[in-house]
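Reader: Please take a close look at one part of this model, the place where two chains meet. I would like to know what each side contributes and what kinds of contact are found there.

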Amino acid sequence: MKVLVAVKRVVDYNVKVRAKADGSDVDLNNVKMSINPFCEIAVEEAVRLKEAGTATEVIAVSIGDKACQEQIRTALALGADRGIQVETEGSVEPLVVAKLLKGVVEKEQPQLVILGKQSIDGDNNQTGQMLGALTNMPQGTFASEIAVDGDKLSVTREVDGGLQTLSLNMPAIVTSDLRLNEPRYASLPNIMKAKKKPLDVYSPADLGVEVTTHLTQVSVEPPAERQAGIKVESVDELVDKLKNEAKVI
Amino acid sequence: MSHQSTQQQRIEALRDLLGAANVLIDQQSLTHFGTDWTRYYTPAPLAIVFPTCIADVQALVIYAAEHSLALVPSGGRTGLSAGAVATDGELVVCLDKLNTIDAFNPVDGTLRCGAGVTTGEIQSFAEREGLYYPVDFASSGSSQIGGNVATNAGGIKVVRYGMTREWIAGLKVVTGTGELLDLNRGLVKNNAGYDLRHLVIGSEGTLGIVVEVTVRLVNPPAPHSVMLMACPSMPAIIEVLKAARSTLTLNAFEFFSDKALDKVCEATGWQRPVQVESPFYALLEFEQSDADAAQNLYAAVASQHWASDAVMSQSIGQAQQLWAFRERISEIISHWVPYKSDISSVISKLPDMLAAIDEIVGRAYPEFEIVWFGHIGDGNVHLNVLKPEALDIQTFSERCGEVNTWVSEVVREYGGSVSAEHGIGLLKKSVLPYSVSPAELAIMRGIKASFDPHGIMNPGKIFD
């Protein structure tokens with residue numbers, strides 16, 4: 001069974017992001033970039049399927065400029081067998097990403113596609129679902145557990161108030177939630193082996209996709225700064241302030 | 001006049017001097033402000049005072065000199081050698097209210113602030129200006145810059161940035177006669193006589209009270225990666241350090257023993273970070289742009305069998321998690337009320353010094369568990385001997401007294417230091433002679449007498 005995993009290069013989730021001075025975008029200068037945490041979980045799940053003997057090959061795909069090869073190499077170091085970069089410039093919208101992934105799916109014919117449920121930069125939570133619609137493959141989103149049984153896939157989903165378990169016919173699409181697994185560290189021997197693993201580069205045209213934009217980013221600004229607190233002398237003063245200044249009681 | 005009425009008179013005088021609100025004598029405050037993180041001593045100060053300006057501190061010192069009242073300066077009280085502990089009716093001078101950031105000078109890259117500003121506030125201020133204050137340690141949220149100066153605080157980035165001493169461009173200090181010294185005034189070059197600033201740094205409050213500090217700020221470092229490497233022996237770790245220093249821009253080079261990792265994994269339930277079990281682990285932090293060089297380094301040291309496995313962080317979260325294996329050790333082993341020692345030697349002698357200590361303790365007390373960790377890139381290691389569950393604390397404490405002497409003898413033999421970064425305070429006075437010669441000690445006493453002729457500045461700390 002072939003598994004395709006999508007990985008995205010994003011600002012590391014521990015970075016305190018700043019807006020550029022001109023408000024045009026987030027400032028990426030000297031900022032740590034990492035694999036999107038949900039994508040990392042997707043890679044780990046695919047690698048575990050391979051280690052369990054269920055999957056035979058794991059392919060990591062990323063869409064972006066040359067820099068995203070760093071995240072593909074990370075996926076290869078975690079245990080993916082080969083990488084694919086679809087080379088694009090600037091930011092691409094979820095629909096375009098889904099179309100490009102569909103192109104890769106048609107080329108590779110995987111039995112299972114695992115994606116992160118969303119990327120932490122755009123927070124769109126759209127790509128996996130759009131890919132499902134475009135490929136007409138069944139989808140199990142927000143997975144906290146998956147199990148392969150022949151050509152069926154059982155997906156446990158985290159839904160409001162509990163867990164829902166679906167049974168999908170493969171080929172299928174899964175998007176990973178936070179609790180699906182805990183990703184491993186990349187070991188140095190594996191990081192070095194990853195350098196020698198194949199990495200193919202496609203253009204959108206190779207996949208028959210035209211990159212279009214439907215959205216324009218107007219401005220990026222930081223949230224309003226929180227006002228400093230004050231100390232009150234008495235309960236009466238507190239009640240007065242809550243009533244007349246904060247107007248919450 | 002009775003002792004009690006003398007005390008009462010003094011407290012009244014202090015209230016007149018500083019205002020009643022700035023003098024505390026309730027038991028809870030006496031206990032809270034009268035001690036640091038050591039917890040071995042019972043605090044018993046006369047009162048806690050809060051000067052609100054430099055002139056207040058001078059007035060306090062002049063009053064104390066006239067009345068032979070001992071002063072204990074108090075910052076964030078996160079020290080580990082009882083340097084800020086008041087056990088004998090001293091007046092605790094708490095610098096919390098000298099907490100203003102006075103001037104940032106972008107041309108000089110300096111920040112002038114009161115002694116009571118916390119290390120964390122300085123770090124945040126620097127960050128807002130797009131700059132960086134590189135001295136960092138676990139207690140930076142509470143520790144104050146004045147205390148950092150008085151103890152020459154080190155921390156986890158010493159390999160790259162050095163100790164607090166490297167970052168102090170200017171100091172204002174009130175001496176034991178109440179005089180205010182304005183030392184170095186932010187200058188980069190200043191060879192006008194003895195640099196008294198460097199005598200005050202690390203003096204643990206025995207020469208004067210630091211009231212204002214000017215620190216240097218730098219450009220922030222590039223994003224970093226962390227590598228954790230399994231190493232078969234201490235000599236192997238030193239080889240890795242040697243190789244790493246010539247190929248990477250190192251921010252930190254730490255190590256811990258397998259026993260330390262065991263305790264952390266057991267207490268937290270975390271998975272071991274590397275698959276191969278090994279007697280020692282080295283933790284390297286370096287600039288992310290060195291990631292390729294780090295791979296070459298691993299290949300080179302692995303081919304020499306100096307490392308058997310390693311992992312490298314792929315995100316800041318993983319870097320923090322790898323650091324956590326190192327940073328959680330101290331808190332987790334505190335369960336076994338360990339005997340702790342903070343010793344150093346030149347790096348080349350570390351493996352032999354550690355082996356000698358292991359041997360000497362192991363021979364006398366084979367049942368004692370020894371946990372090693374520390375800042376090996378600075379030649380600084382922390383020895384921890386854990387109390388066996390079966391042994392009562394009294395007996396353990398007595399045996400640790402012996403261990404302490406043996407360790408100090410070994411440290412002397414290797415030309416090391418019995419206190420690498422925690423200072424001497426009250427806790428390590430008895431071992432000071434193992435690292436300081438009688439001639440040196442006599443000069444130290446002379447220096448103290450010059451700064452503090454009445455002997456009121458933190459008396460009984462470092463030496464009697």
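Author: In this predicted model, chain B and chain A bury about 2,000 Å² between them, 55% of it on carbon and sulfur atoms; buried area is the accessible area (1.4 Å probe) that two parts lose on being put together, summed over both. On the chain B side, the residues that lose the most area to chain A are Q295(B), Q314(B) and I316(B), together 29% of what that side buries. Counted by residues, 26 from chain B and 22 from chain A take part in the contact, where contact means heavy atoms within 4.5 Å.

The charged pairs come next. Between chain B and chain A there are two salt bridges, a salt bridge being a side-chain nitrogen of Lys or Arg within 4 Å of a carboxyl oxygen of Asp or Glu. K195(A) and D292(B) form a salt bridge through their side chains, at 3.9 Å from N to O.

Several elements of chain B build its side: β10 (224-231), α10 (291-303), β13 (309-312) and α11 (316-327) each supply at least two residues. Helices (H or I, at least four residues) and strands (E, at least two) are DSSP runs, numbered from the N terminus. Of the elements of chain B, α11(B) gives the most, with seven residues. By type, the chain B side divides into 14 nonpolar, nine polar and three charged residues. Here Ala, Val, Leu, Ile, Met, Phe, Trp, Tyr, Cys and Pro count as nonpolar, Asp, Glu, Lys and Arg as charged, and the others, Gly among them, as polar.

As for confidence, the predictor gives the complex an ipTM of 0.81 and a pTM of 0.85. Chain B averages a pLDDT of 94, and 100% of its residues score at least 70; pLDDT is the predictor's confidence in each residue, from 0 to 100.

Residues are numbered from 1 along each chain as its sequence is written, and chains are lettered from A and ligands numbered from 1 in the order in which they are written. Local features need pLDDT of at least 70, side-chain atom pairs count only at pLDDT 80 or more, and totals for chains, interfaces and linings use all residues, while side-chain values use heavy atoms, with hydrogens and water left out.
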